[in-house]
Amino acid sequence: MSAADRSFTLTRDLAACPAEVFACWAEAEKKRAWFVDSDGPGWETRAYALDFRVGGTETGSFELKEGPGAGVHENATTFLVIEPERRIDFAYTMAMNGRVHSASLATVTFEETGDGTRLVFTETLAEIGESDGVNGRRGGWEGLLGHLETCLNGEMTDG
Amino acid sequence: MKPDTASLDFERRLALPPARLWEVLTDARHREQWGAPSEGTVLELVEADVREGGRDRHRCGPAEAPEFTVDTRWYRLDAPLLAVFTETVEIGGEAIFTSLVTYRLTPAGTATVLGVTVAVSSFVGVDVAGDTRTGWESGLANLERYTSALDREGTA
């Protein structure tokens, strides 16, 4: 797999100012709303914790009860660089049933666009053994950023 | 603002078996010996805590004034075959780039094939891919010389 095949970029134009969008990444309650509580049916959150600061961590454990991908999925994140309302860099690993299968470096930028914020998410990953790889990470983040947009639009409901 | 990112791959056949090479790659004192990114620069140990979740710090730069700080955080240490870590380089307290590095060690007789994947994100808008490649090629050339010397001496 070439280096280019391990990277992807997602861009979203959001109807909220950079301060509001950044807060959805920085504040635990707001982050949880789109990152955790938006999981669809069949998912159970076993644990989640956010310590948003440089060197701080985010850990989550989520179980999919049945179907393709069933098992316990865990993220372990460390925040490397934080520029409020402008940029977040973080590294994270993904594990399934206790085995780490990918390690990623991700950069999120927030740009004022006049009527909102352009969010650009760029990730490069290394697969470790059998992994759902770049397609898995891209699909996961496409879903999560959709949930973020829904939250910002005030449309998210419990469950 | 568009992130300046790149992903690079390297592979080297090194003279030591995986267990000995693992020590050279992860021990902070060994890293001082081969990790400087260019001739005339040094990598000086400040603190080391090599364990998953641990953190190393080095100073890097010209010997008379190593002004860069290299902050290493270890994510995965499956000795002696797999290591995953990040390096964030700062100057004056400001981060200039961060990278995620994966080492894969494959036994090859009495030697080891080392695969290195580097994902880097720059904060200063320079040629991040070119600079990163140059720095790693220099460091890996140092590593080849260093491991060959250790192999001749029979110690690591």
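In this predicted model, helix 1 of chain B meets helix 3 of chain B. Helix 1 contributes Arg20(B), Leu21(B), Val24(B) and Leu25(B). Helix 3 answers with Leu143(B), Tyr146(B), Thr147(B), Leu150(B) and Asp151(B). Sort these contact residues by type, and they divide into 6 nonpolar, 1 polar and 2 charged.

Now look at how the two helices of chain B lie. Helix 3 of chain B spans residues 128–153. Its axis and that of helix 1 of chain B come within 11 Å and cross at roughly 130°. An angle over 145 degrees would count as roughly antiparallel, and 65 to 115 as roughly perpendicular. The pair in chain B is therefore oblique. The crossing is right-handed.

Stay with helix 1 of chain B, residues 18–26, and find Pro18(B) in it. Is Pro18(B) buried or exposed? Buried means under 20% relative accessible area. Pro18(B) has 11%, so Pro18(B) is buried. Leaving out residues up to four places away in sequence, Pro18(B) touches Pro80(B), Leu105(B), Pro107(B), Ala111(B) and Thr112(B). Arg51(B) is 33 residues from Pro18(B) in sequence. In space, their C-alpha atoms are 18 Å apart.

Turn to chain A. Here helix 1 (residues 18–26) packs with helix 3 (residues 133–152) at an angle of about 125°, with the axes 11 Å apart. These helices of chain A are therefore oblique to each other. Helix 1 of chain A passes helix 3 of chain A in a right-handed crossing. Which residues of chain A meet there? Glu20(A), Val21(A), Cys24(A) and Trp25(A) come from helix 1, and Trp141(A), Leu145(A), Leu148(A) and Leu152(A) from helix 3. They divide into 7 nonpolar, no polar and 1 charged.

Note on methods
Residues are numbered from 1 along each chain as its sequence is written. Chains are lettered from A and ligands numbered from 1 in the order in which they are written. This is a predicted model: local features need pLDDT of at least 70, side-chain atom pairs count only at pLDDT 80 or more; totals for chains, interfaces and linings use all residues. Side-chain values use heavy atoms; hydrogens and water are left out. Helices (H or I, at least four residues) and strands (E, at least two) are DSSP runs, numbered from the N terminus. Buried means under 20% relative accessible area, exposed over 50%, partly exposed in between (1.4 Å probe, protein chains only). Contact means heavy atoms within 4.5 Å. Axes are lines fitted to C-alpha atoms, for helices over the stretch in contact, and angles run from 0 to 180 degrees between N-to-C directions. Angles under 35 degrees count as roughly parallel, over 145 as roughly antiparallel, 65 to 115 as roughly perpendicular and the rest as oblique. A crossing is left-handed if the near helix is turned anticlockwise from the far one by less than a right angle, and right-handed if clockwise. Ala, Val, Leu, Ile, Met, Phe, Trp, Tyr, Cys and Pro count as nonpolar, Asp, Glu, Lys and Arg as charged, and the others, Gly among them, as polar.
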